[in-house]
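This report describes selected features of one protein structure. The sequence and the structure are shown first, and the description follows.

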Amino acid sequence: EADCKHYHANHKNTDKNGKAKALRSDANVLLAGVISLEGIPENYEDWESYKKDAVKFLQEKYGENLAAVIEHTDEENPHLHFYILPKVGQKLDELHDGKKAVLELKSKEPKALKGKQNKAYIEAMKIFQDKFYDEVSRKYGLTKTGPARSRVSRKIYFEQKKAAEEYRKTL
């Protein structure tokens with residue numbers, strides 16, 4: 001909390017005229033996320049190594065901006081809460097994959113319509129999730145999405161799940 005307050009009090013944004021401006025009182029100053037596993041016996045067995053791989057992924061991606069990782073195993077699904085905090089002089093939006101993609105689009109196309117900005121945001125977030133899946137979750141035989149989300153039949157979903165488990169055993 002103290003680090004968030006320090007960032008808020010000391011960070012300045014530059015407006016379009018090059019003038020330094022203090023952050024608004026309601027400005028976002030923290031990026032937070034959750035990494036979880038379904039609470040089934042196989043996942044509890046893998047939790048310790050999965051957790052280490054997930055934290056390693058976060059450390060490599062966010063470096064010194066990774067402020068905290070908090071583990072919760074007292075609920076049905078084991079999970080981690082993670083918090084990313086920018087340094088003074090660094091924009092929070094540059095640490096968030098989706099918002100960073102929108103900033104890059106706006107710098108190339110200042111008059112890009114909201115629909116195009118939304119597409120850039122969504123695509124960047126898909127890439128982030130794909131990378132996490134490829135670097136962490138795939139090693140544990142997890143599938144990326146369940147049957148309802150990927151709109152596949154139950155049979156195909158279980159085939160995908162079996163293939164993911166085979167990949168895990170191969171590793």
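Aspartate 3 lies in helix α1 (residues 2-10); helices are DSSP runs of H or I with at least four residues, numbered from the N terminus. At 53% relative accessibility, aspartate 3 counts as exposed, a term for residues over 50% relative accessible area, whereas buried means under 20% and partly exposed lies in between, with a 1.4 Å probe and protein chains only. Aspartate 3 and lysine 87 are 84 residues apart in sequence, and their C-alpha atoms are 9.1 Å apart in space.

## Basis of the description

The model is predicted: local features need pLDDT of at least 70, side-chain atom pairs count only at pLDDT 80 or more, and totals for chains, interfaces and linings use all residues. Residues are numbered from 1 along each chain as its sequence is written, and side-chain values use heavy atoms, with hydrogens and water left out.

## Packing of helices α2 and α4

Two packed helices are described by the angle between their axes and the distance between the axes. Helix α2 (residues 41-62) and helix α4 (residues 114-135) pack at an angle of about 135°, with axes 10 Å apart. Axes are lines fitted to C-alpha atoms, for helices over the stretch in contact, and angles run from 0 to 180 degrees between N-to-C directions. The two helices, α2 and α4, are therefore oblique to each other; angles under 35 degrees count as roughly parallel, over 145 as roughly antiparallel, 65 to 115 as roughly perpendicular and the rest as oblique.

On the α2 side, Tyr50, Ala54, Phe57, Lys61 and Tyr62 meet Phe128, Lys131, Phe132 and Glu135 of α4, where contact means heavy atoms within 4.5 Å. By class, this contact of α2 with α4 has six nonpolar, no polar and three charged residues. Ala, Val, Leu, Ile, Met, Phe, Trp, Tyr, Cys and Pro count as nonpolar, Asp, Glu, Lys and Arg as charged, and the others, Gly among them, as polar.

## Aromatic pairs

The structure holds four aromatic pairs. Rings of Phe, Tyr and Trp (its six-membered ring) pair if their centres lie within 6.5 Å; planes under 30 degrees apart count as stacked, over 60 as edge-to-face and the rest as tilted. Tyrosine 50 and tyrosine 140 form an edge-to-face pair, 5.2 Å centre to centre with 80° between the planes. Both tyrosine 50 and tyrosine 140 are buried.

The ring centres of phenylalanine 57 and phenylalanine 132 are 5.1 Å apart and the planes stand at 85°, so this pair is edge-to-face. Phenylalanine 57 counts as buried at 4% relative accessibility, and phenylalanine 132 is buried with a relative accessible area of 12%.
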